[in-house]
Amino acid sequence: MSDDASHKILVLGASGLIGRTITDDLRARGFHVIGVARHFTSAQKMSAADLELPVMSMDAAALTQLLRTHEADIVVNCLGVLQDGPGSDTRAVHRDFVARLLQAVRDSHRAIRLVHISIPGTDSEDRTAFSTTKREAERLIAASGIAHAILRPGFVIAPAAYGGSAMLRALAALPVDLPADEAATPFQPVAVEDIAATITWLAARAVADEAVRSVTWDLMQPQPISLGGVLAQFRWSFGTAKHVRLPTAPFLIDLGARLGDLTSRLGWMPPLRSNAIAELRRGVTGDPSAWMAATGIVPKTIAQAVGGRPATIQDKWFARLFLIKALIFASLVLFWVASGFIALVISYDAATGILSAHHFPPALVGPVTVLTSLMDMSIGVLIAFRRTAAFGLVAGIIASLGYMAGSAILTPDLWIEPLGALVKTGPAIVLMLVALLMLDNR
């Protein structure tokens with residue numbers, strides 16, 4: 001291992017799209033990397049150096065101790081949230097945490113370089129809490145006097161997909177097209193490997209090196225390209241470039257963003273939200289010339305980043321199902337809530353009549369109808385909330401199997417009734433199983 005690779009790097013937000021890839025890439029290059037995140041999935045936590053810590057709730061003293069304990073030489077801050085919502089506060093994550101981190105770096109009395117992942121653009125273009133708080137953090141870092149590199153990556157192309165990158169893959173795989181105005185938006189990408197290469201380059205430079213003591217770089221391919229051009233490259237990768245596509249009306253995108261904002265209040269993290277659309281319409285542009293000149297890195301183009309690895313079957317399945325996932329969950333919530341409401345309110349007499357006609361004990365007809373109806377609606381509500389969705393899906397599967405078994409014993413003639421209501425319960429169970437298997441976001 002070289003002296004440069006002996007530097008210890010602390011990556012904050014190591015479970016995210018950029019943070020996870022950077023952590024793995026730097027380890028492969030021989031660096032000792034501590035990955036820190038609030039939570040890692042079991043598939044992500046591949047090393048004892050991946051630490052689950054409540055980093056956002058840590059004060060400056062706790063952060064100082066973290067830096068000292070792990071003898072960090074470089075701290076890479078990848079923490080970020082797109083939009084305010086339950087459990088997400090852009091100001092707390094982007095500005096307030098950075099203020100505490102800067103204090104911790106000073107208090108650690110170590111020669112630490114802070115590498116901060118930000119966003120391209122200028123103050124005059126910032127329109128959302130996401131971008132304005134990101135810019136506030138940049139100003140705090142620039143004024144701190146601490147050795148730092150503010151990296152402003154463009155649209156990040158990585159082997160994994162999450163949020164906006166997953167949504168673009170879905171649009172490329174499905175027979176839909178963006179409105180002309182959105183497709184023409186400037187959208188310069190960067191390969192995540194080029195971000196990791198930049199951090200590697202910085203790690204080889206002494207913190208006292210004045211040439212790179214305080215730099216702010218745009219990281220992206222220099223060749224201009226539009227959002228439509230990025231989509232076109234993904235379509236070639238998926239083999240859908242020549243498919244017929246239906247145009248999407250702009251109002252549908254705005255409607256989808258509003259629905260996304262609504263579902264985020266239930267704990268979900270949909271890629272289509274108002275901030276995402278506002279940032280998408282602003283575009284992703286910058287000038288990578290200073291970065292390229294300083295580091296000698298020639299960034300990959302979109303064709304090299306995407307075209308160098310043809311889409312596999314798992315890539316295609318993910319892209320095709322990504323946007324359908326929301327439809328699956330919405331339909332299951334509606335199915336359970338509506339079925340319970342109809343039996344309890346609209347068709348209460350018909351529901352009790354079925355039980356009475358099959359010689360069900362009269363004293364139990366009413367209570368059983370009410371309880372099963374409330375149970376159905378409760379299952380729908382549980383599925384609607386991200387935190388309880390898995391429990392709701394399992395409860396829905398068990399309840400459906402119970403209904404099928406109970407009907408086979410008590411009302412077997414319902415299995416051959418003309419509309420086949422009970423027969424259709426089987427596909428509903430399969431759909432809930434599919435939803436349960438698709439629940440993970442990372």
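This note walks through a predicted model of one protein chain, point by point.

1. **Ground rules.** The model is predicted, so local features need pLDDT of at least 70 and side-chain atom pairs count only at pLDDT 80 or more, while totals for chains, interfaces and linings use all residues. Residues are numbered from 1 along each chain as its sequence is written, and side-chain values use heavy atoms, with hydrogens and water left out.

2. **The whole chain.** The protein chain holds 17 helices and 11 strands. Both are DSSP runs, numbered from the N terminus: helices are H or I with at least four residues, strands are E with at least two. The C-alpha trace spans about 90 × 50 × 40 Å along its principal axes. Of the 442 residues, 47% count as buried. Buried means under 20% relative accessible area, exposed means over 50%, and partly exposed lies in between, using a 1.4 Å probe and protein chains only. Look at the contacts too (heavy atoms within 4.5 Å). Among those with a separation of 6 or more, 76% join residues 24 or more positions apart.

3. **Val36.** Find Val36 in strand 2 (residues 32–37). Its relative accessible area is 0%, so Val36 is buried. What does Val36 touch, not counting residues up to four places away in sequence? The list is Leu10, Val11, Leu12, Gly13, Ala14, Leu51, Leu53 and Val55. For scale, Trp291 is 255 residues from Val36 in sequence and 27 Å from it in space, C-alpha to C-alpha.

4. **Thr128.** Thr128 sits in the loop between strand 5 (113–117) and helix 4 (129–144). Its relative accessible area is 6%, so Thr128 is buried. Leaving aside neighbours within four places in sequence, Thr128 contacts Asn275, Ala278 and Glu279.

5. **Aromatic pairs.** There are 5 aromatic pairs. The rule takes rings of Phe, Tyr and Trp (its six-membered ring) with centres within 6.5 Å; planes under 30 degrees apart are stacked, over 60 edge-to-face, and the rest tilted. Phe155 and Phe187 have ring centres 5.2 Å apart and planes at 40 degrees, so this pair is tilted. The pair links distant parts of the chain, 32 residues apart: Phe155 is in strand 7 (residues 155–157), and Phe187 is in the loop between helix 6 (180–183) and strand 9 (189–191). Phe155 is buried at 11% relative accessibility, and Phe187 is buried at 6%.

6. **A tryptophan pair.** Trp201 and Trp217 form an edge-to-face pair, 6.0 Å centre to centre with 65 degrees between the planes. Trp201 lies in helix 7 (residues 192–203) and Trp217 in strand 10 (residues 214–219), so the pair ties together parts 16 residues apart in sequence. Both Trp201 and Trp217 are buried.

7. **Helix 7.** This helix has 12 residues. It reaches 17 Å from first C-alpha to last, close to the 16 Å expected at 1.5 Å a residue. That expected span is 1.5 Å times one less than the number of residues. Why is helix 7 described as largely enclosed by the rest of the structure? Because 11 of its 12 residues are buried. Those buried include Val192, Asp194 and Trp201.

8. **The cavity.** The count is 1 cavity of 30 Å³ or more. A cavity is a set of points on a 1 Å grid over the protein atoms alone where a 1.4 Å probe fits but cannot get out; lining residues have an atom within 4 Å of a point. The largest cavity has a volume of about 40 Å³, the volume being the space filled by probe spheres set on the points. Its lining is Gln83, Gly85, Pro86, Ser88, Ser264, Trp268, Met269 and Arg273.

Key: 1 Å grid on protein atoms, 1.4 Å probe; cavity = no way out; pocket = protein on both sides within 12 Å on 5 of 7 lines; lining within 4 Å.
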